Amino acid sequence: MNNKSLRFKVVDWLLIALIVLPLLAGITLKVLTTPGSDSIEITGARVYAKFPMPLQELVISESQINSWLVLLSVLGVALYLTHGLAIKPVTKRQIITEWAVEKVEGLVSDNMGARFMAYVPFIASIMVISAFSSLISLVGLRPPTADMNVVAGWAILVFVIITYYKLKGGLFPYVKGFFEPLPVFAPFNIIGELATPVSMSFRHYGNVLSGVVISTLVSFALQGLSKLVLGWLPGFLGDFPFLQAGLPAILSLYLDVFSGLMQAFIFAMLTMLYIATGFPEEDYERRMAKKRARKAAA
């Protein structure tokens with residue numbers, strides 16, 4: 001084994017550690033800070049610390065911590081998949097990475113057009129971070145996507161981008177659009193505009209949170225049913241939740257895996273469609289033509 005291959009493998013293992021260690025740290029933190037209880041508890045994100053600030057307290061919650069852990073793990077995945085790239089693919093990871101990039105490029109091209117191809121990294125990031133944030137529930141961590149604050153932050157960011165592209169056609173056409181087809185519809189059009197980030201955030205948050213609640217209820221119910229039905233078994237066998245082993249995992253295939261991936265895809269699709277359809281191409285081209293004419297005249 002030469003030094004180059006040894007160095008390559010060492011870097012690979014370090015990147016794998018970057019993927020795994022944040023999740024292990026999150027699991028350890030949750031175990032150490034979760035009080036023991038025999039009853040079912042469905043609460044919001046646990047608050048770890050509060051710091052006084054001029055306007056309001058800065059709260060460090062479970063959702064924030066898990067969001068940073070997700071970002072670190074996703075960074076590790078990205079570095080691992082792009083480690084050792086070559087002009088001609090020689091590793092399976094590069095083939096998988098190129099396939100994924102081509103799929104996202106095709107998705108953006110089909111839904112947004114060639115003008116918005118620069119948004120490929122942004123759309124890919126939305127899908128990966130959203131999916132990863134939902135899937136960490138499989139290892140017992142609270143998904144950040146089950147916190148309205150996290151998903152609303154994403155939706156507000158997307159709303160700012162949507163508004164930015166709508167304004168590319170000019171401020172007057174943008175404001176004029178609220179009074180069409182009649183001025184009486186202006187309040188409804190304004191409400192519809194503001195409803196965009198609200199609907200995006202509530203759709204994502206509601207589906208993920210419902211999965212967390214249902215999984216918790218089913219798991220607790222199976223634990224009680226196992227004790228009721230099999231509690232007559234001698235010794236530790238009577239206390240072991242046999243019915244709880246395996247059955248919740250089958251339910252999580254939909255609630256955690258399918259639903260989490262589906263919501264990540266839907267959020268990315270809505271982002272692409274809102275940006276592309278909100279862009280007033282005719283007004284923008286007319287505005288650019290006027291600018292070019294003024295420059296030529298000058």
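Is glutamate 281 buried, partly exposed or exposed, and what is its relative accessibility? Select the residue in this predicted model: glutamate 281 counts as partly exposed, at 43% relative accessibility.

Glutamate 281 lies in helix 9 (residues 281-297) and arginine 115 in the loop between helix 3 and helix 4 (120-135), so the pair ties together parts that are 166 residues apart in sequence. Arginine 115 is partly exposed as well, with a relative accessible area of 40%.

Stay in helix 9 and select aspartate 283 and arginine 286, which both lie there, 3 residues apart, about one turn of the helix. They form a salt bridge whose closest N and O atoms are 2.7 Å apart. Aspartate 283 is partly exposed at 25% relative accessibility, and arginine 286 is partly exposed at 44%. Next, show Arg115, Glu281 and Glu285 together: salt bridges that share partners join them into one network.

Move to aspartate 12 and arginine 93. This salt bridge has its closest N and O atoms 2.5 Å apart. Aspartate 12 sits in helix 1 (residues 3-33) and arginine 93 in helix 3 (residues 92-112), so the pair ties together parts 81 residues apart in sequence. Aspartate 12 is buried, at 9% relative accessible area, and arginine 93 is buried, at 14%. The salt bridge count comes to 6.

Finally, color the chain by pLDDT. The chain mean is 83, and 84% of residues reach 70 or more. Confidence is highest in helix 2 (residues 62-81), at a mean of 93, and lowest in helix 7 (residues 186-230), at 78.

Methods
Residues are numbered from 1 along each chain as its sequence is written. This is a predicted model: local features need pLDDT of at least 70, side-chain atom pairs count only at pLDDT 80 or more; totals for chains, interfaces and linings use all residues. Side-chain values use heavy atoms; hydrogens and water are left out. pLDDT is the predictor's confidence in each residue, from 0 to 100. Helices (H or I, at least four residues) and strands (E, at least two) are DSSP runs, numbered from the N terminus. A salt bridge is a side-chain nitrogen of Lys or Arg within 4 Å of a carboxyl oxygen of Asp or Glu. Buried means under 20% relative accessible area, exposed over 50%, partly exposed in between (1.4 Å probe, protein chains only).
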